Amino acid sequence: MSNVLILPIIIPLLTGMLMIFFRRHVRMQQWLIVISLLLTIGVSTFIIHRIFRQGIIVLDVGGWHAPYGISLVGDMLSALLVLIASIICLMCSLFAFGSTSNDHKVHFVYSYILLLLCGVNGSFLTGDIFNLFVFFEVMLISSYVLLALGGKKIQLRESIKYVIINVISSTLFVIAIAYLYSITGTLNMAHLSERVATIGQDGLLTTVSLLFLSVFALKSGLFLFFWLPGSYSAAPPAIAALFAALLTKVGIYAIIRTFTLIFYHQPEITHTIILCMAAITMILGALGAVSYWEIRKILAYNVIVAVGFILFGVGMRTFESLTGALFYLIHDMLAKALIFILGGAIISIFGSDKLRNFSGLLLFRPSLGWLYFIAALALAGVPPLSGFVGKVIILKGGITEGHLIMSVIGIVTSLLVLYSVIKIFIHSFWGETLLSEGDQKATGTSALLPGSILVTFIIAMGLGAEWVLTYVEQAAEVMTNPSIYIDAVFKQID
Amino acid sequence: METFITIIAGILFTVGTYLILNKNLLRIILGITLFSHATHLLLMAINGLKKGAAPLLGENAASYTDPVPQALILTSIVISFALTAFLLVLGYRTYVELGTDNMKQLRGNTHE
């Protein structure tokens, strides 16, 4: 019955492969992608339900027991992220139906979206560190193709940089795995955690952990984010939404997993570094967000601010702050997908992303305008919406733990984030309209359906925070107490 | 022997880093391939070289060399092979479309 754990990986993989055969049948591909994503969402809801009732699910692939084979481990953290990733993937594909060109669609764009989801879900569910690398690569190779697909000049230019950066960080990942394997002699994460605990995390292991940190920081845009604004603003709108919501978050998940499960013995070194990097990330991201006048750049820098804020919660490593970080992570995935979808719609209506060039959209697209307004408030963390709860828990943890400067940075950057997204709202929706009555009435409408579904999720998550928190707290319990994870993985041997 | 191989890997990393910091796109790609060679060499050397027979049960040896790093290297080789192929084609397309292989001219932002 634990075989259910493979389904979120294998459904997108098989559907993506199947779609290669029906290249020209776009309508059929669209049906296939919706059906397979709905199936994935259904399966992951079932997995969450089962984990909530019966604890962590472990699947030993091929029947080889824990340290010898690859095990897929579904704890609450991974299951929640798998569910959210599948929902976001569905929303972005719905947006892609209307927003991408037909040329895009016949060149396997839906297959690559599904293969990207396969990589993301696999990274969340795997319990083996080399397998994590492989799923990272599955995800990254799909993202390279999605970024370059279309072959416009800016896409080619930015994807060259993106690919080079990511290939180098993958090389570093393999080196880090090699060092870790030579010290501990194992690759299974639960076994690694046990071995590191018995031999003690000495200087050598701390160095290796910092190598892991720099690899995941490159992937998630924590401090080493110089590649991110360029490549995220080159992608087509639907793809940019998918990237912003999923790719950096896999890096964050990897940091959470390695630094709560394996390298948690020297927090005064590793977690202090994470906190410092998070602080710098928040400051630089907020500065970038307020300084640009292009929608794409502003939104890309907002991704960076959120990464810093989540890792502020992770770096404090108390039960409360980890709960807040996970809640905020889930909220941020939904909110970033939403705001990139809406931003993409605004760009496609005006045909440009320069804020100074246009105004007065509210008259023609009131629904788009109000959806954007709610998304902006949610991003900043205004009370009835979902961004509020995570922020409050993290900041409360920051103040009680004595990280006052960090908390001040967190609050100030929230204000700057609010300013930067409201700036988009004021300049594009208010003022005298430059569009004529019938001016491209049809464009941008594909954002309304996924946009309103995501807004519903965000409002529901804000109002039903208590209910969501029961699930999130179960995940935080595993993060603060690694022995639950280890016992679950090695249960069959006893 | 392990020390020697590690030094070789270090030299490959140095040369690779130097090439990656170059302006010419093709040299950057060459640097990346050197990086992957160095990584695989390191992965091979790091758990001890030649500690026993080749990992084939037919050898009937008393001890075998650790087969895990070899499997890891094999996986990593095909991944980096795919990446290099993709990167080469991407570099070619960029050269055709943009007419340059100089990374300085690929920056694109006029006000930076």
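Contact means heavy atoms within 4.5 Å. This is a predicted model, where local features need pLDDT of at least 70, side-chain atom pairs count only at pLDDT 80 or more, and totals for chains, interfaces and linings use all residues. Residues are numbered from 1 along each chain as its sequence is written, chains are lettered from A and ligands numbered from 1 in the order in which they are written, and side-chain values use heavy atoms, with hydrogens and water left out.

Q: Which residues does A:Met1 touch, not counting residues up to four places away in sequence?
A: A:Met1 touches A:Phe46 and A:Arg50, with that exclusion applied. A:Met1 sits in the segment before helix H1 (7-19) of chain A. Helices here are DSSP runs (H or I, at least four residues), numbered from the N terminus.

Q: Why is A:Met1 called exposed?
A: Its relative accessible area is 67%. Exposed means over 50%, buried under 20%, and partly exposed in between (1.4 Å probe, protein chains only). A:Met1 is therefore exposed.

Q: What makes A:Tyr292 and A:Tyr301 a stacked pair?
A: Their centres are 5.5 Å apart, with 15° between the planes. Rings of Phe, Tyr and Trp (its six-membered ring) pair if their centres lie within 6.5 Å; planes under 30 degrees apart count as stacked, over 60 as edge-to-face and the rest as tilted. The pair therefore counts as stacked. A:Tyr292 is buried at 18%, and A:Tyr301 is buried at 13%.

Q: How do you know that the charged end of A:Arg356 sits over the ring of A:Trp293?
A: The charged end is 4.0 Å from the ring centre. The rule asks for NZ of Lys or CZ of Arg within 6 Å of the ring centre and within 35 degrees of the ring normal. The charged end of A:Lys391 also sits over a ring, that of A:Phe309, at 5.5 Å from its centre.

Q: Why is H15(A) called roughly antiparallel to H17(A)?
A: The axes of H15 (residues 366-380) and H17 (residues 404-429) of chain A come within 8 Å and cross at roughly 170°. Angles over 145 degrees count as roughly antiparallel, under 35 as roughly parallel, 65 to 115 as roughly perpendicular and the rest as oblique. H15(A) is therefore roughly antiparallel to H17(A). Axes are lines fitted to C-alpha atoms, for helices over the stretch in contact, and angles run from 0 to 180 degrees between N-to-C directions. Among the residues making the contact are A:Tyr372 of H15(A) and A:Phe425 of H17(A).

Q: What makes the phi of A:Arg317 stand out?
A: Most residues other than glycine have a negative phi. A:Arg317 is not a glycine, yet its phi is positive, about 50°. A:Arg317 lies in the loop between helix H13 (295-316) and H14 of chain A.

Terms used: Helices (H or I, at least four residues) and strands (E, at least two) are DSSP runs, numbered from the N terminus.
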